[in-house]
Amino acid sequence: MSLETTATRAIDQNAGILRELAEKIWNCPETAFNEVNACRWTAEVLQNAGFDVEVGYVGMPTAIRATWGSGRPRIGFLGEYDALPGLSQKVSTEKEPVTPGAPGQGCGHNLLGVACVGAALGMKAELEAAGREGTVVFYGCPAEEVLTGKAFMAREGAFADLDAAFSWHGSSKNMVTTGTMTGLNSAVFHFHGITAHAGGDPQNGRSALDAVELTNVGANYLREHVTDDVRIHYVIKEGGTAPNIVPDYASVWYYVRALSREAVEDTYRRLVKVAEGAAHMTETELEVEFLGGCYNTLNPVMLTNLTHDVMEEIPLPQWTDEEKAFAGALNEKSPQYEAVRASGDLDRGPLCDTVIPVCNGNGFGSTDVGDVQHIVPCVQVMTATYNLAAPGHSWQITACAGMSIGMKGMLYGAKVMAVTAMKLVNEPELLEEAKEEFKKQMKGKTYRCPIPKEIPIPQPAR
């Protein structure tokens, strides 16, 4: 538990710069595809560190590709920086927004991109000091929260020239997993009907809301005839203006998730048929707005185990009494507190202070890191950046992401990625083993972007 390398020392030396960047992004939360300031500030840090930086990579205004070095291996680090709507929060143990209704870093992405910057700086320092060949590639990846940023990038050819990649995410625990997270399709079904007076002239109306409701009924019957890993969920976006007006427009937004891309696509195909049937039944017109999709994760077993070993070698963050008290107060306010306490996770304290054994259970959330994992061997590292009982996408995570708890976990995650990446440089046989395993996992398949070419890359709001 005392490993120190040139890479970890470089991360410590740059800790002030990294914390400042994370704080600036936390103080200026920007939602998916709108990360203009976060992109600019991140690019400036990398430029100042000697990287060749391209902003607006692959035609995406808030995407970055920054490189340093030459030759092989080419190791990528997948940064993110988008915030979540409505999760503005002060560094406080009470729910207290900075600006009510404004965005906030409820998934800790102000730390996420910066951890990957730190890993890139650490790897660069060690390559430079050793005079070794190798290329460090940092990707600033917009819009993870809407699960399409990396897919858009991959559609345009990103990530294909890498030998391996690393991603990092804040968590309540220090861990890596060989389990699978779901792939996803996202679409809005728009129905167009004919308005009429609902009391005096109903026979001439064709209700778009009826079509939405029939779609939802059909989707709920569809649940009986899909595999256990499938998840279907929706929200009605627009349903009309008043009960006495037959709505001539209504819409419903759907997610379809499953543990394989094939199951996502098959279920989505059947869901579209349900919507088409609803349009026929109501004599309305259906417009399908496909928003995009992502792959299920494909975690590499060998590379995950290697990363776990590194996690156990690098000193863990040491939590102060003040940090423990802050986390403890948050835990007691969490709706998950009793369940987490019953699990025994809080027996050692309010914050994780150990490395969890490699997990192999599946999860039913989604991330567009899965798209990269179907292009190149890629492991996602998770380190503790918030209290153990924090709900996902919550004000509690926002609070911790803006203070020392989040910053310490971020720097630890950067060190884990940098050291593991350098193991692939120094021991080429490990990288070859990872590549061979990747080929076996892919079973002869190749990545096919789930977002068609005709769907344009979203632009920042003006």
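The legends below describe close-up views of a predicted model. Local features need pLDDT of at least 70 and side-chain atom pairs count only at pLDDT 80 or more, whereas totals for chains, interfaces and linings use all residues. Residues are numbered from 1 along each chain as its sequence is written, and side-chain values use heavy atoms, with hydrogens and water left out.

**View A. Helix α6, residues 208-222, and its length.** Helices (H or I, at least four residues) and strands (E, at least two) are DSSP runs, numbered from the N terminus. The expected span of a helix is 1.5 Å times one less than its number of residues, so the 15 residues of α6 should span 21 Å, and the 21 Å between its end C-alpha atoms agrees with this. At the start of α6, a side-chain oxygen of serine 207 comes to within 3.2 Å of the backbone nitrogen of leucine 209.

**View B. The buried residues of α6 and their packing partners.** Buried means under 20% relative accessible area, exposed over 50% and partly exposed in between, with a 1.4 Å probe and protein chains only. In α6 the buried residues are Ala208, Ala211, Val212, Thr215, Asn216, Gly218, Ala219 and Leu222. They cover an arc of only 165° around the axis, which puts them on the same side of α6; the arc is that of the directions from the helix axis to the C-beta atoms. An α-helix has 3.6 residues a turn, so residues three or four places apart point the same way. The buried residues of α6 pack against β6 (181-192), β7 (231-238), β8 (249-258) and α7 (261-282), where contact means heavy atoms within 4.5 Å.

**View C. The pair of tyrosine 57 and tyrosine 139.** Rings of Phe, Tyr and Trp (its six-membered ring) pair if their centres lie within 6.5 Å, and planes under 30 degrees apart count as stacked, over 60 as edge-to-face and the rest as tilted. Nine aromatic pairs are counted by this rule. For tyrosine 57 and tyrosine 139 the ring centres are 6.1 Å apart and the planes stand at 50°, so this pair is tilted. Tyrosine 57 lies in the loop between β1 (52-55) and β2 (64-70) and tyrosine 139 in strand β4 (residues 134-140), so the pair ties together parts that are 82 residues apart in sequence. Tyrosine 57 is buried at 11% relative accessibility, as is tyrosine 139 at 0%. Ring pairs link Tyr57, Tyr139 and Phe159 into a cluster.

**View D. Cysteine 28 and its closest cysteine sulfur.** With a disulfide taken as a pair of cysteine sulfur atoms within 2.5 Å, the count is zero. The sulfur of cysteine 28 is 12 Å from that of cysteine 39, too far for a bond.

Note on methods
Polar contact = N/O pair within 3.5 Å; in protein donor to acceptor, adjacent residues only side chain to side chain.
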